[in-house]
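Have a look at the picture first, and then we will go through its parts one by one.

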Amino acid sequence: RLANATDGQDHWEQGRRIKLGQDTTAHVAAFHPSDGLTLATGSSDGFVELWNAHTGKLRTDLSYQAADEIMMHSKGVLGLDFSP
């Protein structure tokens, strides 16, 4: 289940399933603090991905994606956070 607390209240709704690759595991996840809809995941294969938590789909509207780039580290991602 996902919590959406952007209006200061707790609203629980049926969770969305985020589908990662077959050979990977999400180690960490964090919601964007101001919009409450962007979910970042860091996985065992080194990928950092941004998801729309409402739809459960990978975001495709980011500038690095338009440049055909990816957010990836050489080792698994064990922590992440958003900066203000």
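Two strands pair if DSSP finds at least two bridges between them. Strands (E, at least two residues) and helices (H or I, at least four) are DSSP runs, numbered from the N terminus. This is a predicted model, in which local features need pLDDT of at least 70 and side-chain atom pairs count only at pLDDT 80 or more, while totals for chains, interfaces and linings use all residues. Residues are numbered from 1 along each chain as its sequence is written, and side-chain values use heavy atoms, with hydrogens and water left out.

**The overall plan**

The protein chain contains 6 strands and 1 helix. Reading from the N terminus, the order of elements is β-β-β-β-β-β-α. An open sheet is built from 4 strands in the order S3-S4-S5-S6, with antiparallel pairing. Strands S3 and S6 (57-58) are at the edges, and each of them pairs on one side only.

**Strand S4 and its neighbours**

Let's look at S4, which covers residues 38-43. Strand S3 (residues 26-31) is joined to S4 by 5 bridges, and the two run antiparallel. Strand S5 (residues 48-52) also pairs with S4 in the antiparallel sense, over 5 bridges.

| Hairpin | Residues between the strands | Glycine with positive phi |
|---|---|---|
| S3 and S4 | 6 residues | Gly 36, about 65° |
| S4 and S5 | 4 residues | Gly 46, near 95° |

Which residue in S4 is the bridge partner of Val 28? That partner is Gly 42. Towards S5, Thr 41 has Glu 49 as its bridge partner.

How well covered is S4? Of its 6 residues, 6 are buried, where buried means under 20% relative accessible area, exposed means over 50%, and partly exposed lies in between (1.4 Å probe, protein chains only). Thr 38, Ala 40 and Gly 42 point one way from the strand, Leu 39, Thr 41 and Ser 43 point the other way, and all are buried.

Now find Thr 41, which sits in strand S4. Thr 41 counts as buried because its relative accessibility is 7%. Trp 51 lies in strand S5. Is Trp 51 buried or exposed? Trp 51 is buried, because its relative accessible area is 4%. The side chains of Thr 41 and Trp 51 are joined by a polar contact of 2.9 Å. A polar contact is a pair of N or O atoms within 3.5 Å; within protein, one must be able to donate a hydrogen and the other to accept it, and residues adjacent in sequence count only if both atoms are side-chain atoms. Trp 51 and Ala 40 are 11 residues apart along the chain, and their C-alpha atoms are separated by 6.3 Å.

The predictor's confidence in each residue is called pLDDT and goes from 0 to 100. For the protein chain the average is 77, and 74% of the residues score at least 70. Confidence is highest in S4, with a mean of 90, and lowest in strand S1 (residues 2-4), with a mean of 44. Over residues 8-12 the pLDDT is below 50. Where pLDDT is low, the predicted coordinates should not be read in detail.

**The chain as a whole**

Of the 84 residues in the protein chain, 24% are buried.

Methods
Contact = heavy atoms within 4.5 Å.
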